[in-house]
Each structure stands twice: as C-alpha cells, then as structure tokens.
Amino acid sequence: MRITGFEIARLSISLKKPFITALRRVDAIDDIIIKIHTDSEHVGYAEACAVTAITGTTNEKIINELTESVFPMLIDTTIEAEDMFKKLYAIPVSSETKACVDIALFDLLAKQAKLSLHRYLGARHSQLQTDLTISVNEPLVMQNDTLDALSKGFNVLKIKLDRDIDKNIERLARINEVLSDQHRLRLDPNQSLSYEGCIRMIASIRTDNIECIEQPFPADDLVSMKRLKENSPLSLLADESIFDSHDAQRLLDDKAVDMLNIKLMKCGGLYEALKISKLAARYDKQCMIGSMLEGPISLLAAVHFGLSQQNISMADLDSPLYLQEHPLLQPFHLHHDMIKVDENIGLGIDAIMESLDLFS
C-alpha cells in the first residue's frame, strides 16, 4: 500500500457530567479526526486529542502541523512499519499530532494483515479490566460517586486528589466507608502535592487496598519521586514525568518509579508506546495503559494496545463512560468493568465512520 491522500474532520461529544482534576475541568471533548487514503481498498482512521493542560498543544496547532508538516512528508510513502514510523517520528511536531497519524498507520497495517489491531500487535485475549475515575470533589460527593461506581460493577477506582492534605484524608476515609475488601484504589493527585504533604497523607490513610499513587509531584521533581519510592509503602506510578521512551529510560535508570503510565497522546502513538513497554519489561516493571479524556477512536486504539502487552497490568480507560451516547462507542463492549473488543480488522470502525459521513 502507498499513501495517496489525507482528510481532516472534527468530532465533538459532550460529557455526561464535568470531569474535574487538580489541573482542569472538561465539559466536552473536541478532537481532530483524520482519514488516510491509500492506493488499495483500505483507509486508515485515527483521532488526536489536544490536552492543553498537560502538553500545551491545541487543536489549531494539530491541524496546522498535519497540513503543513506531516501530510506533505508522508504523501506517497509505502506502508512499511519501521521506515514509515521512523520518518513520522523524525518530524518535529507535537506528540498528539504524531499519535494521530501513528494510529491511522497501524490501522492500515492491521487491515493489510487482515487482523484486528490487538491481534496484529500480538494480543492473546480480547478483554481487559479498567478502573473508574472518581473526580476530585467534596468528601461526601466523592463517597456518593464511589457508591455509584460500585453499583456499576467497578472493582478498581482511581481517586483524584488535590493539594489539600486534610481534605484528601477525609475524602479517602469517606470512600473507604463504602468499600469492601475486594475493592482496590489508585490515588492520583495530578502533581499537586509536596513531598512532606504526601508523606503526611500516606501516614494518615488506609494503605492496604491502594495499588499505587500516581504522579504526586511536579513532572520534573524526580528527587521527590525517588525519595517517596524509597520511603513509602505505596507503589509509585509515573505519569506526567514520562512522555516518551527517553523519559522512561531516565526514570528506570534512576530507580525513581515502580511503574509507568503509557498514554498514546502523550508518547506519540503506538510505535513509541511499544518501545516504552518493551523497555519496562527489560527492567521487570509493570505498566498502566492510560488515557487523557479522549474521544472514542484514540481510546479504542489504547484498548487494542493494552491487550497486546504482557506487562500492562493496569488500565485506566474509563473515558467512554463519561461521553454522551455516540455511534463510535459501539466497539467498546463494556460489561461492568471489563472492556471487550471484537475481531473486525484494524480498529474495526470503518462501517461506523462511513455512516457518520464526517469527511463530506
């Protein structure tokens, strides 16, 4: 196959309720969709989610990078895995822009092989367990949100926290009041804590049901990350401290973290995500497949990737539950906290995309 053209569209889906963290509030997703044409019967689809609060990228920047830099460089490129991705990753554009094109290229590669994307990447199974995020809020509100999550069949909850240590302690106490022994927590302060405050919080909360604490400190504060890893009973998961495989190498060499959170929009796509996962495996480290608050196409790609890697032991892919009803949510066969994908080739969304007629 050879690339013959590109199209760009936009996709907007409202959220069922606002998504609130220590860094931002989101009421709707507004993403960039691309379609890559080839000289074969196949086209490749993908999505870019601009996460301005984390990366500084905007949708306007993504569109400009696609039209001015990426598309002109890739036109007439033959669909061959290694050289094609090296060419893409050499272009100086944002990680979201790279991820968008990268996912569409993998969609094409899987279609060329007549396999679903997760099988093309080597998956042995077709379903994985995701956690459900509880947005940071007043303690009783978070307790009620926890009860709602439990009623939906979720056994693992990601608890968003902020810099208010005393309120965090109360939030977790309220949440623990309604949990059973089977339920597990993942704490996510989104870079909002100091080392001293984090240590005080950990000393004041129940820890036996906590799987990890995710990125408690600013992304560049690796000194505090390493100190916490050495002095805390909780496993430490890096998120904003890791964008690509170079960051992963530094964190692992410094012994600064226990686990890595891989996000396609942050690392630049599946090609780089595979490098991070393989690197972590060499250090005998587990990973999470995570996401920003993204649209359904990029989330589906993350599910396919998460299924394919043996050292991905955690998934934070609950964003479909936040989105209003939309045809592109159909491939997420969600039963309680398990996401299952089917065996349609590639991402498996061609029929849906054609019915939406986004590119007319």
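Student: What is the strand order of the open sheet of 8 strands?

Tutor: The model is predicted, so local features need pLDDT of at least 70 and side-chain atom pairs pLDDT 80 or more, while totals for chains, interfaces and linings use all residues. Residues are numbered from 1 along each chain as its sequence is written, and side-chain values use heavy atoms, without hydrogens and water. Strands are DSSP runs (E, at least two residues) numbered from the N terminus, and two of them pair if DSSP finds at least two bridges between them. With parallel pairing, the order is E5-E6-E7-E8-E9-E10-E11-E12.

Student: Which strands stand at the edges of this sheet?

Tutor: An edge strand here has a single partner strand, so one side of it is left without a neighbour in the sheet. The strands in that position are E5 (132–134) and E12 (312–315).

Student: Which residue in E8 is the bridge partner of Leu 185?

Tutor: Strand E7 (residues 184–188) runs parallel to strand E8 (residues 210–214), and 3 bridges join them. The partner of Leu 185 in E8 is Ile 210.

Student: How many disulfides does the structure hold?

Tutor: A disulfide is a pair of cysteine sulfur atoms within 2.5 Å. The sulfur of Cys 287 is 11 Å from the closest cysteine sulfur, in Cys 267, which is too far for a bond. The number of disulfides is 0.

Student: Is Cys 287 buried or exposed?

Tutor: Buried means under 20% relative accessible area, exposed over 50%, and partly exposed in between (1.4 Å probe, protein chains only). Cys 267 has 7% relative accessibility and so counts as buried. Cys 287 has a relative accessible area of 0%, so Cys 287 is buried.

How values were computed: Helix = DSSP H or I, 4+ residues; strand = E, 2+ residues; numbered from the N terminus.
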